[in-house]
Amino acid sequence: MESRRNVELSLLLLALILSVGAYVIVGLAADNEVPSGSAGYGATLAGLFLGAHMVLRWKAPQADPILLPGAALLNGLGLVMVRRLDYAEAAKENYRPEAPAQALWTVLGVAVFVAVILVIRDHRVLDRYRYSWLLLGVVLLMLPVLPVLGREINGARLWVRIGPFSGQPAEAAKIALVVFLAAYLAERKELLATATYRAGPFLLPEIKYFMPLLLAWAASLFVLFFEKDLGSSLLFFGVFVILLYVATGRFSYVAAGLGLFVTGAVIAYNLFGHVQTRVATWLDVWAYYDDRGFQLAQGLFAMATGGILGQGWNQGRPDFIPFASTDFIFAAFGEELGLLGVTAMLLVYLLMVFRGLRIALAAPDDFGKLLAVGLVTSFALQVFVIVGGVTRLIPLTGITLPFVSFGGSSLLANYALIALLCRISDEGTPAPAGRPAPADPGEVTVVR
Amino acid sequence: MNRQIRRVAVVVLVAFMALLAAPLYWQVLAADRLANDSRNTRVLIKEYSIERGPIVLANNFEVARSVRSTRRGDPLEFVREYPQGPRYGMVTGFYSLVFGRTLAEQEFNSFLLGRAPEQFGQNVTDLLTARETPGGTLVLTLDRATQAAAEGALGGRKGAVVALDPRTGAVLAMTTFPRYNPNQLSSHNPEEIRRNWERLINDEDGPLLNRAAGALYPPGSTFKVVTAAAALENGTSMSDELPSPDVYDVPQTSADIRNFGGSSCGGGGTLTLTEALRISCNTTFAALGVELGSEKLAAEAEKFGFNQPSPYQLPAATSSIPEEQDVPATAQSAIGQRDVRVSPLQMATVAATIANGGRRMGPFVAQRVVSDKGSVVKRFEGEDFGQVIPEQVAGDLRDMMRQVVESGTGVNARIPGLEVAGKTGTAQHAQGRNPHAWFIGFTGSGDRQIAVAVVVEEGGDVGSEITGGRTAAPIARDVMRAYMGGG
């Protein structure tokens with residue numbers, strides 16, 4: 001166990017060196033001098049992640065040693081890119097720098113990570129409140145549709161604004177629903193696997209066991225139809241089908257799921273103009289260059305200009321891509337760090353996903369297995385949907401790149417996600433009783 | 001359950017393989033094509049660090065130039081300026097951060113950047129002396145006074161004016177209305193550029209379209225010059241009496257051809273070829289066309305450059321006439337209607353070829369590239385197509401066209417002290433719309449020779465042939481007078 005934490009420590013140091021190094025290079029490239037805040041930045045970042053590391057040593061010594069350094073590296077590089085885009089956009093009028101906010105979100109994200117590790121000493125406690133999770137997930141999903149709270153931005157209604165704070169509750173809903181699905185399926189998997197009814201070519205289990213799952217499916221359709229958010233809908237539904245398959249081992253669920261997905265996609269295509277534009281833009285981005293395809297085309301130009309080695313930090317023009325800091329941050333990395341850089345990033349994601357699946361394999365109980373699979377596949381699907389969209393592998397749907405994109409909700413949710421995975425992987429050592437320490441609000445002001 | 005998880009892992013692996021392959025495609029396989037796409041503004045960033053050469057007229061009169069950007073924190077070193085505003089935009093084109101380059105800025109880009117092979121010797125010295133290579137200066141053939149006169153004479157009417165030097169093909173003036181101001185697209189403010197662009201492309205009048213070279217119109221009666229040339233080459237002489245009925249009963253159809261407004265050509269049933277051209281008699285020329293046949297008519301037009309890509313250095317539309325037509329269509333083609341489509345640049349070439357004694361010179365607007373040290377890097381000339389019509393025929397046509405201006409439909413083009421030749425046109429293009437007003441002509445004395453084509457969209461009057469001459473001829477007159485020094 002000690003060796004696991006030591007591996008984590010060395011990897012964390014590597015991640016910190018890369019992040020702080022990138023930060024210094026961007027400053028050098030922009031102003032020809034080492035940014036004055038470098039030391040403070042490095043110290044804060046090191047304090048945060050080493051702090052989280054110490055909490056793991058203390059409360060979850062057997063936890064997976066790859067996830068936290070992976071998150072730290074992606075988060076650190078993302079932060080540098082967001083700051084680098086700030087430099088480029090600074091000349092614009094009324095431009096609000098995003099890096100300070102993202103730094104704050106990073107602090108809060110690590111605080112969430114620590115809080116989850118401290119509060120949830122055994123993942124099985126989550127199992128007890130399964131219907132509360134369902135309720136929470138559904139409520140969070142529906143918030144953006146509410147008239148006063150909800151905000152429609154760029155054609156999708158997935159924002160909630162309360163006073164000065166805004167966020168995408170779907171990010172949190174994702175985790176709540178995965179917890180519910182895992183809990184539900186862990187208990188009912190035998191019943192669901194035993195088919196009693198025949199409906200056409202499909203053998204179906206008793207309807208009453210199936211109802212909550214239909215509810216989850218309805219929720220994903222809800223997201224699609226009322227919030228016009230293709231990405232999240234695909235994410236929910238994909239995770240739902242994968243969990244159903246893992247729990248029951250029945251391919252018929254996958255086939256039925258694909259059938260439902262295709263049906264939903266065809267309906268959405270015929271019903272919504274913006275879905276048709278997305279598909280048309282995907283098929284021929286150059287025909288739509290002047291309007292709907294502009295962003296995608298700019299992203300492709302950025303990646304093409306980056307080539308194999310990239311232009312180098314602050315040497316490209318990723319600010320030409322609309323929404324470079326959120327949906328298109330992958331293309332920004334492609335331009336400045338090149339094929340080598342983005343391949344390395346994708347391999348980090350792949351490594352984290354495989355660690356997550358390993359955690360699922362090793363988890364002692366069905367709930368833990370399903371929870372780990374659900375969390376990690378939602379993470380992997382999110383990477384696939386946005387990277388695939390930006391690289392024109394699939395039609396583009398706006399969604400954040402985990403840990404890298406600018407955006408608080410996404411960062412907090414993903415830290416909670418890896419914290420849960422760390423917790424599941426720590427099974428075997430009973431967590432010592434301890435009072436959960438609240439996140440220190442003093443840390444926040446340090447970074448700002 | 002673990003078996004399923006392992007299967008999920010395989011699916012994840014396959015999906016990530018696809019994810020890894022996608023950037024490989026964009027950043028390696030498709031990289032060259034995309035990185036050099038003219039819409040990729042990153043390519044421009046590199047270009048903007050070079051002092052792009054100016055575009056000038058004679059006496060170094062600048063119509064496009066690069067100056068250091070004064071915007072604070074601007075990553076682009078030089079900004080393109082068009083000191084004359086919209087006046088030369090139809091030749092210079094624009095140089096835009098967002099929308100790339102057009103026209104001269106595009107076609108002569110490598111010269112302006114100092115990267116053409118001809119400039120290589122210069123670059124080596126610059127390499128040795130570690131000097132930043134400034135781009136070459138592009139010198140245009142346009143004449144400042146003539147260009148200004150053309151713009152002024154056309155005024156706010158939709159249309160185009162082209163003036164050529166008949167002996168060389170040099171474009172002396174080229175204007176179009178509506179115009180755009182290239183400065184609106186050349187700033188370093190992408191949002192402003194995009195706003196201006198939106199307005200320009202959504203403008204139904206098409207201010208970005210260079211009507212002088214890029215638009216096609218029916219030529220109307222100005223095409224009778226080509227029909228007359230075909231007749232002269234096929235044995236008709238200027239003084240031959242030709243039938244001039246009030247109504248020409250076109251064979252094979254019930255549709256007749258009449259004169260504008262149903263007027264009579266007079267002359268008691270016959271006219272000489274000269275007379276028919278002077279008063280622009282439709283029935284005479286329609287009958288002539290039918291007699292010649294569509295193939296001879298098209299062959300004559302092709303001598304002037306129809307049905308071939310324009311030799312002009314910048315993008316231009318191809319003027320056309322069908323090679324094979326039935327009799328009714330041939331009758332209409334002979335008077336410049338039906339499927340005959342011409343650009344003003346093409347009609348200016350028709351006038352210039354006649355003015356030049358039948359020797360056709362392809363139009364050109366960029367005459368040379370000069371290095372920043374003043375040495376000529378490259379010269380351009382109009383393509384010489386040789387004696388496309390016999391000198392005798394050209395001489396006859398000139399005499400006939402002088403009659404048109406002297407006492408025919410083109411009297412409004414008369415300039416005291418100069419012999420002006422010309423032909424008017426009033427081209428019908430759509431039911432219920434006013435016809436386009438045309439004038440082509442030329443004049444000269446000694447070393448100064450000029451041929452002009454003018455079109456004013458819907459500048460004519462339904463039912464009156466004379467209106468083409470009334471609207472377009474004075475514009476041509478002003479342009480010719482400006483070049484000849486008459487003010």
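Trainee: In which loop of chain A is A:Ile308 found?
Mentor: This is a predicted model, where local features need pLDDT of at least 70, side-chain atom pairs count only at pLDDT 80 or more, and totals for chains, interfaces and linings use all residues. Residues are numbered from 1 along each chain as its sequence is written, chains are lettered from A and ligands numbered from 1 in the order in which they are written, and side-chain values use heavy atoms, with hydrogens and water left out. Helices (H or I, at least four residues) and strands (E, at least two) are DSSP runs, numbered from the N terminus. A:Ile308 is in the loop between helix 12 (294-306) and helix 13 (329-362) of chain A.

Trainee: Is A:Ile308 buried, partly exposed or exposed?
Mentor: Buried means under 20% relative accessible area, exposed over 50%, and partly exposed in between (1.4 Å probe, protein chains only). With a relative accessible area of 43%, A:Ile308 is therefore partly exposed.

Trainee: Which element gives the largest share of the nonpolar patch?
Mentor: A:Ile308 makes this surface patch of about 690 Å² together with A:Leu309, A:Leu340, B:Leu24, B:Tyr25, B:Val28 and B:Leu29. Patches are made of residues with over 30% relative accessible area and no salt bridge, with like charges joined within 9 Å and nonpolar side chains (Val, Leu, Ile, Met, Phe, Trp, Tyr) within 5 Å; the areas come from the Shrake-Rupley method with a 1.4 Å probe, and for residues only the protein chains shown count as cover. Four residues, the largest share, come from helix 1 (residues 2-29) of chain B.

Trainee: How far apart in sequence are the parts tied together by A:Glu336 and A:Arg84?
Mentor: A salt bridge is a side-chain nitrogen of Lys or Arg within 4 Å of a carboxyl oxygen of Asp or Glu. A:Glu336 and A:Arg84 form one, with their closest N and O atoms 2.7 Å apart. A:Glu336 lies in helix 13 and A:Arg84 in helix 3 (residues 67-89) of chain A, so the parts they tie together are separated in sequence by 252 residues.

Trainee: Is B:Glu151 buried or exposed?
Mentor: B:Glu151 pairs with B:Arg87 in a salt bridge whose closest N and O atoms are 2.8 Å apart. B:Arg87 is partly exposed, at a relative accessible area of 26%. B:Glu151 has 18% relative accessibility, so this residue counts as buried.

Trainee: Which strands hold B:Arg359 and B:Asp384?
Mentor: The side chains of these two residues, B:Arg359 and B:Asp384, meet in a salt bridge (2.3 Å, N to O). The pair ties together parts 25 residues apart in sequence, because B:Arg359 lies in strand 13 (residues 359-361) of chain B and B:Asp384 in strand 16 (residues 384-387).

Trainee: Which element supplies the largest share of the lining of the second largest pocket?
Mentor: On a 1 Å grid over the protein atoms alone, a cavity is a set of points where a 1.4 Å probe fits but cannot get out, and a pocket is an open set with protein on both sides within 12 Å along at least five of seven lines; lining residues have an atom within 4 Å of a point. The second largest pocket is lined by 41 residues, with A:Leu234, A:Gly238, A:Leu258, A:Phe261 and A:Leu381 nearest its centre. Twelve lining residues, the largest share, come from helix 10 of chain A.

Trainee: How many residues of that pocket's lining are nonpolar?
Mentor: Ala, Val, Leu, Ile, Met, Phe, Trp, Tyr, Cys and Pro count as nonpolar, Asp, Glu, Lys and Arg as charged, and the others, Gly among them, as polar. Besides seven polar and two charged residues, the lining of the second largest pocket has a nonpolar count of 32.

Trainee: What volume does the largest cavity have?
Mentor: The largest cavity is lined by 16 residues, including B:Gly305 and B:Ser310. Grid points are joined across faces, edges and corners, and a volume is the space filled by probe spheres set on the points. For the largest cavity that gives about 120 Å³.

Trainee: What is the phi of A:Phe323?
Mentor: Most residues other than glycine have a negative phi. A:Phe323 is in the loop between helix 12 and helix 13 of chain A. Although A:Phe323 is not a glycine, its phi is positive, at about 55 degrees.
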